[in-house]
Amino acid sequence: LKYDLKAVELSLNTGDSINLPTNYNNVGNDYKNLKDFESALEYFYKSLDACKKDNIQMIALLNINIGDIYQKQQRYKEAIINFRNANKLYIQSGDLYGQALSYNFLAEYFLKTNIPDSAIYYAYNAYKIGENVGNITIQQQSTELLHKSYSLKSKQDSAYKYLLLHKSIN
């Protein structure tokens with residue numbers, strides 16, 4: 001945290017508008033890891049304000065980060081707005097990894113809000129993208145979400161299938 005705050009200070013003092021959004025985002029992540037969610041939100045929003053409008057990937061990532069904080073705070077209406085914004089931006093930019101990432105966050109949201117059919121839809125789409133681009137992390141996250149979603153629906157055959165798939169990816 002200390003060094004990331006110094007990086008923000010340096011960016012501000014030198015007029016470095018290129019790295020400032022990333023530096024603010026790093027501080028936000030530091031606070032998130034410390035479970036200081038209000039400070040994390042403060043820095044994620046500062047990063048968003050410092051972003052140039054054409055920096056679509058950074059804006060999408062910040063929407064994911066902000067949505068994640070809101071979800072941790074059980075502020076689900078704010079979370080879904082940010083996750084959907086991120087998803088739209090990732091689709092617009094053609095960023096498949098980002099699209100899969102946002103699908104997994106959407107799946108997690110729907111799982112936490114007890115809407116397993118929607119969770120399955122998003123987790124499955126994330127899994128297929130992860131499979132197509134060879135991203136193991138996305139596949140691991142999505143198969144775990146699929147396992148949990150099918151378990152919630154008491155569809156044990158499907159839950160078991162994705163549990164086995166998840167374990168085979170690990």
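Is glutamate 108 buried, partly exposed or exposed, and at what relative accessibility? In this predicted model, in which local features need pLDDT of at least 70 and side-chain atom pairs count only at pLDDT 80 or more, totals for chains, interfaces and linings use all residues. Residues are numbered from 1 along each chain as its sequence is written, and side-chain values use heavy atoms, with hydrogens and water left out. Glutamate 108 has a relative accessibility of 25% and therefore counts as partly exposed, where buried means under 20% relative accessible area, exposed over 50% and partly exposed in between (1.4 Å probe, protein chains only).

Glutamate 108 takes part in a salt bridge with lysine 112, with 3.5 Å between the closest N and O atoms; a salt bridge is taken as a side-chain nitrogen of Lys or Arg within 4 Å of a carboxyl oxygen of Asp or Glu. Lysine 112 and glutamate 108 are about one helical turn apart, because they stand four residues from each other in helix α6 (residues 96–112); helices (H or I, at least four residues) and strands (E, at least two) are DSSP runs, numbered from the N terminus. Lysine 112, at 45% relative accessibility, is likewise partly exposed.

By the salt-bridge rule, the count comes to nine. In helix α3 (residues 37–50), lysine 46 and glutamate 42 are four residues apart and therefore separated by about one helical turn, and they form a salt bridge whose closest N and O atoms are 3.4 Å apart. Lysine 46 is partly exposed at 31% relative accessibility, as is glutamate 42 at 39%. Lysine 46 also lies over the face of tyrosine 43, at 4.7 Å from the ring centre, a charge being placed over a ring if NZ of Lys or CZ of Arg is within 6 Å of the ring centre and within 35 degrees of the ring normal. Helix α7 (residues 116–133) holds both lysine 128 and glutamate 131, three residues apart, or about one turn of the helix, and the salt bridge between lysine 128 and glutamate 131 has its closest N and O atoms 2.8 Å apart. Lysine 128 is partly exposed at 30% relative accessibility, and glutamate 131 is partly exposed at 35%.

Nine aromatic pairs are found in the structure, rings of Phe, Tyr and Trp (its six-membered ring) being paired if their centres lie within 6.5 Å, with planes under 30 degrees apart counted as stacked, over 60 as edge-to-face and the rest as tilted. The pair formed by tyrosine 109 and phenylalanine 110 is edge-to-face, at 4.9 Å centre to centre and with 75° between the planes. Tyrosine 109 is buried at 11% relative accessibility, and phenylalanine 110 is buried with a relative accessible area of 6%. Tyrosine 109 and phenylalanine 110 belong to one aromatic cluster that also includes Tyr76, Tyr103, Tyr121 and Tyr122.

Apart from its neighbours within four places in sequence, leucine 146 is in contact (heavy atoms within 4.5 Å) with Ile120, Ala123, Tyr124, Tyr127 and Tyr162.
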